[in-house]
Amino acid sequence: MKQISTVIGSCIRRFAPAALAVAAACLAGQAGAITVTESGDAGQTLATAQDTTSTGPVQSLTAISGSVLSSIDADLYLIHISNPVTFAATADASGTLFDPQLFLLTLAGAPVALNDDAAGGQSTLPSLAGIASLTAGYYYLGVSQSGYDPVNSVNQLLFASGLSTDIRYAASGLQPATFSGFSDGTFFADSGTYTIQLSGVDTLSAVPEPSSMLLLAAGGLLVLARRRRD
């Protein structure tokens, strides 16, 4: 038993510094910033949403660019909100006929918030910011033509009615209170490109990168060695 403990301790002393060095390098990567471009056509279901996270070094995600192909097309992106206090998303479709709206769903598909027009009635600049009770974690960020609204499986609108410039939250009486598709209430068959400017979002993946797994393994070996010595 003592020999096993000695071997484990030797492995930890040999490999743990390397794992820590790799982890430190990854943490240093957080200072970077990237943008994401829609790959093909980002899906309009939770299962087909484009994943913007990465198993590489964690970086700030500052923008997503893409296009909506028709008035009954929508794009969903899986994002990681790292700082709910500073989180903001603003879509810019200026110069196109596309009139976008932005909405946010939980990982389970529950409605969080939606905005159609920015303050002042700028229809091409919807913005989500200052969302009440937002916490850090994974969410789906969606962009669609104004009027192409998220609904549940019985076609109830997920978000409450209100002014187009309001940040609108979950509608009352939803059953079920989860996203299933869209209800087409659009008036124009518009399409176009967009850029969503982001803050408070990073690329942290729910799947640990290899270096992180190595570090966790080294820690586990250390705990095991100490227990065997006891």
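Buried means under 20% relative accessible area, exposed over 50%, and partly exposed in between, using a 1.4 Å probe and protein chains only. This is a predicted model in which local features need pLDDT of at least 70 and side-chain atom pairs count only at pLDDT 80 or more, while totals for chains, interfaces and linings use all residues. Residues are numbered from 1 along each chain as its sequence is written, and side-chain values use heavy atoms, with hydrogens and water left out.

**Exercise 1. Is Gln 101 buried or exposed, and what does its side chain meet?**

Start with the place: Gln 101 sits in strand S6, residues 100-106. Next, its relative accessible area is 1%, so Gln 101 is buried. Finally, a polar contact of 2.8 Å links its side chain to that of Asp 149. (A polar contact is a pair of N or O atoms within 3.5 Å; within protein, one must be able to donate a hydrogen and the other to accept it, and residues adjacent in sequence count only if both atoms are side-chain atoms.)

**Exercise 2. Why does Thr 203 count as buried?**

First find Thr 203: it's in the loop between strand S13 (201-202) and helix H2 (210-229). Thr 203 counts as buried because its relative accessibility is 1%. Now list some neighbours, with contact meaning heavy atoms within 4.5 Å. Setting aside residues up to four places away in sequence, Thr 203 touches several residues, including Ile 34, Pro 57 and Leu 61.

**Exercise 3. Work out how strand S4 is covered and paired.**

Step one: count. In S4 (residues 74-81), 8 of its 8 residues are buried.

Strand S2 (residues 50-51) runs parallel to S4, joined by 2 bridges, and Asp 51 has Leu 78 as its bridge partner. S9 (residues 137-145) is antiparallel to S4 over 8 bridges, and there Ile 81 partners Gly 137. S13 is also antiparallel to S4, with 2 bridges, and in S13 Val 201 stands opposite Ile 81.

Note on methods: Helix = DSSP H or I, 4+ residues; strand = E, 2+ residues; numbered from the N terminus. Pairing = 2+ DSSP bridges.
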